[in-house]
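This briefing goes through one protein structure, topic by topic. Keep the sequence and the 3D view open while reading.

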Amino acid sequence: MALLEASLDEKKTWINLPSPSPDNYEPTYTHEEDSWLDSRGYLHREIIRKNRAKVLCGWDNLPGDRTAFLQSLYDYEYFYLKFTDKKNQRVIKKVYAGPLAGKAILLNPRTLQILWNSNVAMNFVEY
């Protein structure tokens with residue numbers, strides 16, 4: 001069992017995702033709000049949704065094929081993610097992937113394909 005698992009087919013099969021660095025794994029919960037200041041300067045805070053899961057992940061020395069797979073998750077409108085949350089429970093959430101950031105640190109000089117990446121970061125947000 002991997003720390004992060006994704007299902008792209010409505011929870012029929014699960015794919016192990018690369019395990020993030022221990023210091024770069026941050027499962028958290030947040031909320032959506034629609035807040036505004038009125039003409040008198042009073043804050044009006046409207047909570048739209050509470051306890052929305054968000055998982056921040058970072059990887060170092062990630063092979064090019066694993067980075068490419070993570071990048072492919074960005075193309076999905078949503079998928080299911082199995083992970084351990086702050087309450088130390090295994091949960092499954094319907095999520096979407098945020099943009100993937102990272103640096104190419106090793107290229108194949110003949111094909112110019114990326115072999116290794118560093119400082120790779122991505123977040124997964126509950127749909």
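A salt bridge is a side-chain nitrogen of Lys or Arg within 4 Å of a carboxyl oxygen of Asp or Glu. The structure shown is a predicted model. By the salt-bridge rule, the count comes to five.

**Salt bridges**

- Glu 126 and Arg 49 form a salt bridge, with 3.4 Å between the closest N and O atoms.
- Glu 126 belongs to strand 11 and Arg 49 to strand 6, so this pair ties together parts that are 77 residues apart in sequence.
- Glu 126 has a relative accessible area of 13% and is buried, whereas Arg 49, at 26%, counts as partly exposed.
- A salt bridge also joins the side chains of Glu 32 and Arg 52, at 3.1 Å from N to O.
- Glu 32 is in strand 3 (residues 25–33) and Arg 52 is in strand 6, and the two are 20 residues apart.
- Arg 52 counts as buried because its relative accessibility is 13%, and the cut-off for buried is under 20%.
- Glu 32, at 28%, is partly exposed.
- Arg 45 forms a salt bridge with Glu 33, and their closest N and O atoms are 3.2 Å apart.
- Arg 45 sits in the loop between strand 5 (43–44) and strand 6, while Glu 33 sits in strand 3, 12 residues apart.
- Arg 45 counts as exposed at 52% relative accessibility, and Glu 33 counts as partly exposed at 37%.

**The nonpolar core**

- In soluble globular proteins, nonpolar side chains tend to be buried together.
- The largest nonpolar core in this model has 22 residues, and Leu 4, Leu 17 and Phe 124 have the most contacts inside it.
- At least two core residues come from each of strand 6 (47–59), helix 1 (64–73), strand 8 (79–84), strand 9 (90–97) and strand 11 (114–126).
- Strand 6 gives the most to this core, with four residues.

**Helix 1**

- Which residues of helix 1 are buried? They are Gly 64, Thr 67, Phe 69, Leu 70 and Leu 73.
- These buried residues pack against several strands, including strand 2 (15–16), strand 7 (62–63) and strand 8.
- Strand 6, strand 9 and strand 11 are also among the packing partners of the buried residues of helix 1.

**A buried glutamate**

- Glu 5 lies in strand 1 (residues 5–7).
- Is Glu 5 buried or exposed? Glu 5 is buried, with a relative accessible area of 9%.
- The side chain of Glu 5 makes a polar contact with the side chain of Arg 90, at 3.1 Å.
- Leaving aside neighbours within four places in sequence, the residues in contact with Glu 5 include Trp 14, Ile 15, Asn 16 and Leu 17.
- Tyr 80, Leu 81, Lys 82 and Arg 90 are also in contact with Glu 5.

**A nonpolar patch on the surface**

- Ile 105, Leu 106, Leu 115 and Trp 116 form a nonpolar patch on the surface, and together they have about 350 Å² of accessible area.
- Strand 10 (101–107) and strand 11 are the elements that give two or more residues to this patch.
- Ile 105 lies in strand 10 and is partly exposed, with a relative accessible area of 47%.

Conventions
Residues numbered from 1 in each chain as written. Predicted model: local features only at pLDDT ≥ 70, side-chain atom pairs only at ≥ 80, totals over all residues. Heavy atoms only, no water. Core = buried A, V, L, I, M, F, W, Y, C linked by side-chain atoms within 4.5 Å. Buried < 20%, exposed > 50% of the residue type's maximum accessible area, 1.4 Å probe, protein only. Contact = heavy atoms within 4.5 Å. Patch = residues over 30% accessible without salt bridge, like charges linked within 9 Å, V, L, I, M, F, W, Y side chains within 5 Å. Areas by Shrake-Rupley, 256 points an atom, 1.4 Å probe, with all protein chains shown as cover. Polar contact = N/O pair within 3.5 Å; in protein donor to acceptor, adjacent residues only side chain to side chain.
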